[in-house]
Amino acid sequence: MNSILKYKYIIAEDESLIRKNIIKKICTLNLPLSFVGEAFNGTEAIELVEKHYPDLVITDVRMPECDGLELVRYIHNNHPEIKVIILSGYDDFTYAQTALRYQVKDYLLKPVSADTLLETLQKVLIIMGAEKEELDAYCATHSLNQRSICNLLLKYLQENYKKDFTLHELGDKFGFTPEYLGKIFKKYTGETLSKYLTKLRMNEAKRLLLGHPEMEIQKVGELVGYKDAFYFSRAFKNYTGMQPSEFRKE
């Protein structure tokens, strides 16, 4: 792991001593990880996620206000590219099963030894490194001029429009500001990033509404990237001039 690139991580743990101890252990492991924040509970962790867009989140399970599983669910639904490691004092199969459902990379029991932590972090770093190499390889074989960036954006949006992500996350993933990506995209496609993303989502929503009359409208919204049913209905009406239910009837 001799790359200059450092992956950002945050840790969520309500026990201050345990939290500080984990941070200290990671610092001594000499890995390409950059600590950007710590949280007392899941609510604070979500705020840190939205502020720093980390590559990795390490979280306890049982925390006040918003526990680790709620945090994991939020990350899975809103930031699927972020990797998660769970630390827990409970050898509970239900917890582990839920963690797997949300694609958590590992479930470690406390107290965690430095060797175990090192092994897990190395595995996660290998995964993140492979993903970066894949993106770098694509960029290397498609000389990264503005048109290539636009083509890369088009490909990514077409393959991922069903996921719930923001333009800031998109910018973070590609290594450019959302404003810069937006200018390039508009230059070569004639439309904004947000309008193109909305078009992809609405076309699929129309297909689902008409092709699956038994499917609940809320479910249709979830399948095209809208976790909030009200927001989906509002966006659909803004785009088509009618509510999803009205479109289905017509």
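The model is predicted: local features require pLDDT of at least 70 and side-chain atom pairs pLDDT 80 or more, whereas totals for chains, interfaces and linings use all residues. Residues are numbered from 1 along each chain as its sequence is written, and side-chain values use heavy atoms, with hydrogens and water left out.

**Glu13**

Select Glu13, in the loop between β1 (7-12) and α1 (16-28); helices (H or I, at least four residues) and strands (E, at least two) are DSSP runs numbered from the N terminus. Glu13 counts as buried because its relative accessibility is 2%, the limit being under 20% relative accessible area with a 1.4 Å probe, protein chains only. Next, display Ile18, Arg19, Ala39, Phe40, Asp60, Met63 and Lys110, which Glu13 contacts when neighbours within four places in sequence are left aside (contact: heavy atoms within 4.5 Å).

**Helix α9**

Move to α9 (residues 193-211). Its 19 residues reach 27 Å from first C-alpha to last, close to the 27 Å expected at 1.5 Å a residue; the expected span is 1.5 Å times one less than the number of residues. Colour its buried residues, among them Leu193, Arg201, Glu204 and Leu209. The buried residues of α9 pack against α6, α7 (167-174), α8 (178-189), α10 (217-223), α11 (229-240) and α12 (244-249).

**The α6 partner**

Which residues meet here in α6 and α9? Leu153, Leu154, Leu157 and Gln158 in α6 meet Leu193, Tyr196, Leu197 and Leu200 in α9.

Key: Buried < 20%, exposed > 50% of the residue type's maximum accessible area, 1.4 Å probe, protein only. Axes fitted to C-alpha atoms, helices over the stretch in contact; angles between N-to-C directions.
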